[in-house]
Amino acid sequence: MKLRTFIVLVLLLPALFPEAAALRAQSSRNSFPKVSVGDIRYVDKAHSKKQTVGSILTDLATTAVTGKSTTQHDEYAPSVREAIVKALSDVTRFRVIDGGFHLDELAGNEEALYVDGTINSITGTSQVTPSTVKDKPAEQAYKVLINVTLNLKDARTDEAMDSHIFSMTDSDISWMTTADKALNDAIDRLASRISEYYNHRYPLHGSIVERGEEKKDKQRTVYIDLGNNSRVEKGQQFNIYVLKSIAGREARQEIGRLKVEEVMGDDLSLCKVTRGEKEVKTALDQEKTLVVISR
């Protein structure tokens with residue numbers, strides 16, 4: 001085959017096989033990188049900081065007045081790290097490895113990232129409230145606050161791609177009746193923040209490929225080109241956007257929201273339009289380009 005003919009065929013492939021072109025585009029926008037979780041160290045500020053006689057007396061006086069005592073809990077560090085690994089595993093587009101990559105895993109062109117960081121503090125607070133009822137013992141409550149910094153890097157170049165601090169305040173956390181419950185509550189909240197953050201940073205992109213049920217001027221259901229291959233699950237939510245071109249640049253306008261009702265194949269899911277039913281139907285009637293991005 002002559003070189004000129006070969007080039008022409010390559011250029012014509014997207015037009016001759018639009019489904020294949022669409023599949024390649026979807027794969028590139030929804031990469032599923034391998035993510036190794038490396039060194040996440042605990043920074044023990046309580047032990048590294050020298051306590052003076054004055055600081056000890058101040059802590060004792062504070063406890064006596066407020067009924068509260070606060071300490072750093074390095075024994076919780078392994079549980080916090082385990083929660084971080086679990087949270088990263090819950091990120092839809094991440095394929096998590098607990099530990100480093102083997103050299104052969106970095107030999108190809110597959111996207112590879114790694115996470116390291118520090119557990120900056122694990123602060124446990126206990127509070128004693130004297131009982132107002134005669135002969136009833138004082139009530140004790142517990143609270144744990146966790147502060148973590150995670151760094152996301154390119155596994156081949158060590159280039160930093162993202163660094164984020166996940167912190168909690170007193171208003172974020174509820175008092176618990178036992179120290180174990182306080183720890184589990186703090187870990188659950190930390191894990192939720194981590195998975196939400198990276199799911200937002202690495203969303204799934206798809207398109208509406210077929211209309212579903214319609215009722216008068218409303219679009220009740222639609223089909224999107226995401227399914228098992230993209231780890232889509234029932235109940236997952238997406239925002240719906242109209243694509244526009246402004247000054248030669250791609251722009252998008254949010255017009256609705258949908259929720260996955262049924263995953264029907266590797267690249268097909270039935271979804272219910274939960275917001276913007278009229279706007280979605282109007283856009284489809286006008287043959288506008290609609291895309292969906294996970295929330």
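Contact here means heavy atoms within 4.5 Å. The model is predicted, so that local features need pLDDT of at least 70 and side-chain atom pairs count only at pLDDT 80 or more, while totals for chains, interfaces and linings use all residues. Residues are numbered from 1 along each chain as its sequence is written, and side-chain values use heavy atoms, with hydrogens and water left out.

**Figure 1. Overview of the protein chain.** The protein chain has seven helices and 14 strands; these are DSSP runs numbered from the N terminus, with helices being H or I of at least four residues and strands E of at least two. Of its 295 residues, 37% count as buried, where buried means under 20% relative accessible area, exposed over 50%, and partly exposed in between (1.4 Å probe, protein chains only). Among contacts with a separation of 6 or more, 68% come from residues 24 or more positions apart. The chain exposes about 17,700 Å², of which carbon and sulfur atoms supply 52%; accessible areas come from the Shrake-Rupley method with a 1.4 Å probe, and for residues only the protein chains shown count as cover.

**Figure 2. The largest nonpolar core.** A nonpolar core is a set of buried Ala, Val, Leu, Ile, Met, Phe, Trp, Tyr and Cys residues joined through side-chain atoms within 4.5 Å. The largest one has 36 residues, and V80, I122, I146, L150, I194 and Y198 have the most contacts inside it. At least two residues of this core come from each of strand 1 (34-42), helix 5 (77-89), strand 4 (112-129), strand 5 (139-154) and helix 6 (179-201). Helix 6 gives the most, with eight residues. Leaving aside residues up to four places away in sequence, I194 touches I84, A87, L88, L150 and F166. A second, separate core of 20 residues includes F32, V232, I240 and L290.

**Figure 3. Helix 5 and its cover.** The buried residues of helix 5 are A77, V80, A83, I84, V85, A87 and L88. Their cover includes strand 1, strand 3 (95-98), strand 4, strand 5 and helix 6.

**Figure 4. Surroundings of S195.** S195 is found in helix 6 and counts as buried because its relative accessible area is 12%. Its side chain reaches the backbone oxygen of S192 at 3.2 Å. Not counting residues up to four places away in sequence, S195 touches A87, D90 and V91.

**Figure 5. Aromatic pairs around Y198.** Rings of Phe, Tyr and Trp (its six-membered ring) pair if their centres lie within 6.5 Å; planes under 30 degrees apart count as stacked, over 60 as edge-to-face and the rest as tilted. By this rule the count comes to five aromatic pairs. F94 and Y198 form a tilted pair, 5.9 Å centre to centre with 45° between the planes. This pair links distant parts of the chain, 104 residues apart: F94 lies in the loop between helix 5 and strand 3, and Y198 in helix 6. F94 is buried at a relative accessible area of 1%, and Y198 is buried at 0%. Y197 and Y198 form an edge-to-face pair, 5.0 Å centre to centre with 85° between the planes. Y197 counts as partly exposed because its relative accessibility is 22%. Ring pairs link F94, F166, Y197, Y198 and Y202 into a cluster.

Notes:
Polar contact = N/O pair within 3.5 Å; in protein donor to acceptor, adjacent residues only side chain to side chain.
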